[in-house]
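Visitor: Could you help me learn to read a protein model? I would like to go through it one feature at a time.

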Amino acid sequence: MRDFARFVVVGGVGFGVDAGVMMGLLRLGAPLLAARLASFGLAVTVTWTLNRAWTFSHPQPRRARRAYIEYLAGQTMGAGINFSVFFLALACWTDLKQYPLVPLALASGVAMVFNFLVARHLVFKPGRG
């Protein structure tokens, strides 16, 4: 339970980075998809660092590089879920295009559950070597 609570806190930080970068890039005139891709990439790196150092801080004998690649692969699958929910919500409720943070929050919440399961049971699993 402690790991999930910390994962949610880190996810909140990641959401802040994702949303802040996306909105900043949109205000600079970037296309929506480009803004989402850039904001996602930065958010993944931030959450990787925080999850490794704080959320799953038990001894991790594996090399950081290998674990990061596994984390990135899991997050990329989570991104597929995130992006699918994001664009599906925009397709279903076209008025949300004026409020992109709403579908972003919905998509992030759905993907967070998937991402936690991958991180907890695959990437940062105790004793995995």
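Visitor: How are α1 and α2 oriented to each other, roughly parallel or roughly antiparallel?

Guide: Angles under 35 degrees count as roughly parallel, over 145 as roughly antiparallel, 65 to 115 as roughly perpendicular and the rest as oblique. In this predicted model, the axes of helix α1 (residues 2-27) and helix α2 (residues 32-55) cross at roughly 150°, so α1 and α2 are roughly antiparallel. Those axes come within 8 Å. The residues where α1 contacts α2 divide into 18 nonpolar, five polar and five charged. Here Ala, Val, Leu, Ile, Met, Phe, Trp, Tyr, Cys and Pro count as nonpolar, Asp, Glu, Lys and Arg as charged, and the others, Gly among them, as polar.

Visitor: Is Leu-72 buried, partly exposed or exposed, and why?

Guide: Buried means under 20% relative accessible area, exposed over 50%, and partly exposed in between (1.4 Å probe, protein chains only). Leu-72 has 35% relative accessibility, so Leu-72 counts as partly exposed. You will find Leu-72 in helix α3 (residues 64-92). Leu-72 and Trp-48 are 24 residues apart in sequence, and their C-alpha atoms are 8.3 Å apart in space.

Visitor: What should I keep in mind about the numbers?

Guide: Residues are numbered from 1 along each chain as its sequence is written. Because this is a predicted model, local features need pLDDT of at least 70 and side-chain atom pairs count only at pLDDT 80 or more, while totals for chains, interfaces and linings use all residues, and side-chain values use heavy atoms, with hydrogens and water left out.

Technical notes. Axes fitted to C-alpha atoms, helices over the stretch in contact; angles between N-to-C directions. Helix = DSSP H or I, 4+ residues; strand = E, 2+ residues; numbered from the N terminus.
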